Amino acid sequence: MKIDWAALGSVFGVSLLATVLLVGLFTLGIMGLSRQEAATAQGGSAALARTGAYACFALCAAAVAYGIFLIVT
């Protein structure tokens, strides 16, 4: 049995990068929602923060859906 270490390292690197990016994007969405709540509590409007948070969550969902698509096909 021969292990292709270069391919294994490549898969590991891409998986690590995708995980860090996805978690970072989700974190930005959570931060956007918390800033929207803080602005609302102070009597202001934070439509941009809410829109950005929803965009981050939509990108996370799209990345997960693409991953599932790659696995299924």
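Buried means under 20% relative accessible area, exposed means over 50%, and partly exposed lies in between, with a 1.4 Å probe and protein chains only. By that rule F57 is partly exposed, because its relative accessible area is 21%.

1. **What you are looking at.** This is a predicted model: local features need pLDDT of at least 70, side-chain atom pairs count only at pLDDT 80 or more, and totals for chains, interfaces and linings use all residues. Residues are numbered from 1 along each chain as its sequence is written, and side-chain values use heavy atoms, with hydrogens and water left out.

2. **Two helices to keep in mind.** Helices are DSSP runs of H or I with at least four residues, strands are runs of E with at least two, and the numbering starts from the N terminus. Helix α1 covers 5-41 and helix α2 covers 47-72; these are the elements that give two or more residues to the lining of the largest pocket.

3. **The aromatic pairs.** Rings of Phe, Tyr and Trp (its six-membered ring) pair if their centres lie within 6.5 Å. Planes under 30 degrees apart count as stacked, over 60 as edge-to-face, and the rest as tilted. The count comes to two aromatic pairs. In the pair of F26 and F57, the ring centres are 5.2 Å apart and the planes stand at 55°, so the pair is tilted. F26 lies in helix α1 and F57 in helix α2, so the pair ties together parts that are 31 residues apart in sequence. F26 counts as partly exposed, because its relative accessibility is 43%.

4. First, how is a pocket found? The search runs on a 1 Å grid over the protein atoms alone. A cavity is a set of points where a 1.4 Å probe fits but cannot get out. A pocket is an open set with protein on both sides within 12 Å along at least five of seven lines. Lining residues have an atom within 4 Å of a point. Grid points are joined across faces, edges and corners, and a volume is the space filled by probe spheres set on the points. About 170 Å³ of space lies in the largest pocket.

5. **Its lining.** Which residues line the largest pocket? They are S15, A18, T19, L21, L22, A63 and Y66. Helix α1 gives the largest share, five residues. Five lining residues are nonpolar, two are polar and none is charged. Here Ala, Val, Leu, Ile, Met, Phe, Trp, Tyr, Cys and Pro count as nonpolar, Asp, Glu, Lys and Arg as charged, and the others, Gly among them, as polar.

6. **Two lining residues up close.** S15 lies in helix α1 and is partly exposed, at 38% relative accessibility. S15 and D4 are eleven residues apart in sequence and 17 Å apart in space, C-alpha to C-alpha. T19 is also found in helix α1, and at 48% relative accessibility T19 is partly exposed.

7. **The cysteines.** A disulfide is a pair of cysteine sulfur atoms within 2.5 Å. C60 is in no disulfide either, and its nearest cysteine sulfur belongs to C56. C56 is buried, with a relative accessible area of 12%. C60 is buried as well, at 8% relative accessibility.

8. **Further along α1.** Is Q36 buried or exposed? Q36, found in helix α1, counts as buried because its relative accessibility is 15%. Contact means heavy atoms within 4.5 Å. Not counting residues up to four places away in sequence, Q36 touches A46, A49 and R50. I30 is in helix α1 and is partly exposed, at 43% relative accessibility. I30 and R50 are 20 residues apart along the chain, and their C-alpha atoms are separated by 9.8 Å.
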